[in-house]
Amino acid sequence: MIEERAQTSGQLENSFTRRTMLIGSIQGGIGVLLAARMGYIAVAENEKYKLLSESNRVNLTLVPPRRGWFIDRVGKPIATNRADFRVDIIPDRVTDKKHTVAALAELLSLDADDVERINRELKEAQGFQPVQVAEGLDYESFARVSVRLPDLPGVSPRQGYSRFYPSGAAVGHLLGYVGTVSAEEYRLNKDPLLITPGFKVGKGGLEKTMEEKLRGKPGAKRTEVTARGKIVRELSSRPDTPGKPVQLTIDIDLQNYVARRLGVESGSVVVIDCLTGDILALVSMPCFDPNSFSEGIGRMEWKMLNSDDHIPMLNKSLQGLYPPGSTLKPMAAIAMLKSGIDPDETVSCPGGYRLGNRVFKCLGHHGPMNMRSAIMKSCNTYFYSMSNRIGYDAIAPVAKQLGLGQEFPLPFQSQRYGTIPDSAWKMKKYGKEWSRSDTLNATIGQGYVSVSPFQLAIMTARIASGRHLEPEIVLKKRKAGVHLPYPEEHLAIVREGMDLVVNGNGTAVRSRLQLDGVKMGGKTGTAQVKAIKDGFRGQSGAWKYRDHGLFVCFAPVEQPRYAAAVVIEHGLGGARAAAPVAKDVLTFLYDREQALNTLASLESGWGGTIEQRMASQYQRYMAGQGTPLPTNGETT
């Protein structure tokens, strides 16, 4: 057995000294590394950490720019901005969403619909994309939220500007509306301005297509904050640069009057300046109130709009397509004159026109008709006979020359072309030959033909002026259109016929202007919605199956200045529904007092102004849904 040798005190002392030196070297090395790192941070990365420290202490906030105004042709406001107080939630900064929403609902007296919307948008929101809680608040409501901020992380109350449309629904389809940026829009362009609380972009109409000009440039504000984000003081600020104003060709007084005059009807009115082609009024009713969208439309109001069979979300002026009916007869007359038809040649009207073994009926037994009297009486038989002689391929090019079936270079999201058919079109679409019966139907604005109210207004303005007017919505200096490729005497014959429609013994004599020295020429039209069957002629029955009523017109007859087209959906007839509207609209252009007196009488029977009727409609809808109205009386 080997015995362990005992270590001497000297050996133990040497071993301790070596360990001490090793550990000390390691500690020294670590100390040198730490010192070197600290020196590097303090010297080489001084600026980096200085900025990080500053960013923890200072909060930089973008200030949304005020949108440029829309103004009318004489400078009156159409869309403006108004100062207001708002409250938003920044999702990534909220610690308890349920508690936060409940607290805000109590502080701001939010109804169940608003709470449901906020919770839904919070669920869909991403990152710092703001969710609007409320805007247009009074100062007391704003203050109640502000004093609770330490308990409500992620809540952002602020004073800013909101879009305001003084004319409300009268300009909904013209201007569109604004709204917060969607998550998809932010993914496509991660500009921090897009998720700044209070910032909104155009979502429809001119607000969307002219976004770049209207947006402006954001301002900025630097504030000192605590570690919890509580504001200590404001350090500096840079004001925003408002967007540029856009001046439109619209006469806002006329636009408002037209919208009101359409009353409870579903339809469209377009008014054109015959000297320039400027659009003076572009109205489609019923319509949504763009202020509701700017403030964040509620679920029930949105549901009501989408369930309305009058389709308030459709711009009927540009996107509604209708058989034009007899409003196309002036255009057809120009085509017939171009093809050599003598305007004084007569056609006897026994009440219809026989083509083969089929009789195409007329609106009456008119007897001998020439071109002027056929326009005046809207005699189908005359137009059947003459169009059968020249063929529709001679009429379709004139229709297109006058603006039908065309799309115009205007800053709107979409227009619908409609259809001006011919033999090539039918062969391409259906693989069939064009027939003589197709010609007869198309000549009186039925069959395959469909146009928009806007196109009808352009057609009328070109006939009235004799010029190839190009429509414009943004006011600018420009030259008058070139002359149409038709002799002035041909256009004069057609205008004479349209004069007789109103001021002779025609179909719209009841809508003659009650103005000294001003006469209106026009043409009525009734368009079938449902095929005639079992005696049904679209003059009764369910609203959606009734005939449309149309009227095109210009004034004064001697020297046309204004042209207009009126379409009343399911209005039963042009003389009954559309011509009286046109009469009042043109009266407004010459005698506002007379027109407004007429309107006041009509609105008293309709249930009030547009705003009053929309409020009543909402109340009825909510009652029908079994939903109590908000206690503050506002729509949700």
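Biologist: How many helices and strands does the protein chain come to?

Modeller: Bearing in mind that this is a predicted model, the secondary structure of the protein chain amounts to 24 helices and 19 strands.

Biologist: And what share of the residues is buried?

Modeller: Of the 636 residues in the protein chain, 51% are buried. As for contacts between residues at least 6 apart in sequence, 72% of them join residues that are at least 24 apart.

Biologist: Let's turn to helix packing; at what angle do α3 and α5 cross?

Modeller: The axes of helix α3, residues 97-108, and helix α5, residues 139-146, cross at roughly 150° and come within 9 Å, and the crossing is right-handed.

Biologist: Which residues meet there?

Modeller: From α3 there are Leu-104, Leu-107 and Leu-108, which meet Ser-141, Arg-144 and Val-145 of α5. The residues of this contact divide into 4 nonpolar, 1 polar and 1 charged.

Biologist: Switching to aromatics, how many aromatic pairs are there?

Modeller: The count comes to 18 aromatic pairs. One of them joins Tyr-353 and Tyr-384, whose ring centres are 6.2 Å apart with the planes at 40°.

Biologist: Why is that pair called tilted?

Modeller: The planes of Tyr-353 and Tyr-384 stand at 40°, so the pair is tilted, because stacked needs under 30 degrees and edge-to-face needs over 60.

Biologist: Where do the two tyrosines lie, Tyr-353 and Tyr-384?

Modeller: Tyr-353 belongs to strand β14, residues 352-355, and Tyr-384 to helix α16, residues 380-390, so the pair ties together parts that are 31 residues apart in sequence.

Biologist: Is Tyr-384 buried or exposed?

Modeller: Tyr-384 is buried, with a relative accessible area of 3%, and Tyr-353 is also buried, with a value of 17%.

Biologist: Which residues form an aromatic cluster?

Modeller: Tyr-392, Trp-425, Tyr-430, Trp-434 and Tyr-448 form one aromatic cluster. Lys-429 lies over the face of Tyr-430, at 5.8 Å from the ring centre. Elsewhere, Arg-66 lies over the face of Tyr-161, at 5.3 Å from the ring centre.

Biologist: What about Lys-426, is that lysine buried or exposed?

Modeller: Lys-426, which is found in helix α18, residues 423-430, has 7% relative accessibility and therefore counts as buried, the cut-off being under 20%.

Biologist: Which residues is Lys-426 in contact with, leaving aside neighbours within four places in sequence?

Modeller: With those neighbours left aside, Lys-426 is in contact with Gly-431, Lys-432, Glu-433, Trp-434, Ser-435, Asp-438 and Tyr-448. Of these, Trp-434 and Tyr-448 belong to the aromatic cluster mentioned above.

Notes: Residues are numbered from 1 along each chain as its sequence is written. This is a predicted model: local features need pLDDT of at least 70, side-chain atom pairs count only at pLDDT 80 or more; totals for chains, interfaces and linings use all residues. Side-chain values use heavy atoms; hydrogens and water are left out. Axes are lines fitted to C-alpha atoms, for helices over the stretch in contact, and angles run from 0 to 180 degrees between N-to-C directions. Helices (H or I, at least four residues) and strands (E, at least two) are DSSP runs, numbered from the N terminus. A crossing is left-handed if the near helix is turned anticlockwise from the far one by less than a right angle, and right-handed if clockwise. Contact means heavy atoms within 4.5 Å. Ala, Val, Leu, Ile, Met, Phe, Trp, Tyr, Cys and Pro count as nonpolar, Asp, Glu, Lys and Arg as charged, and the others, Gly among them, as polar. Rings of Phe, Tyr and Trp (its six-membered ring) pair if their centres lie within 6.5 Å; planes under 30 degrees apart count as stacked, over 60 as edge-to-face and the rest as tilted. Buried means under 20% relative accessible area, exposed over 50%, partly exposed in between (1.4 Å probe, protein chains only). A charge sits over a ring if NZ of Lys or CZ of Arg is within 6 Å of the ring centre and within 35 degrees of the ring normal.
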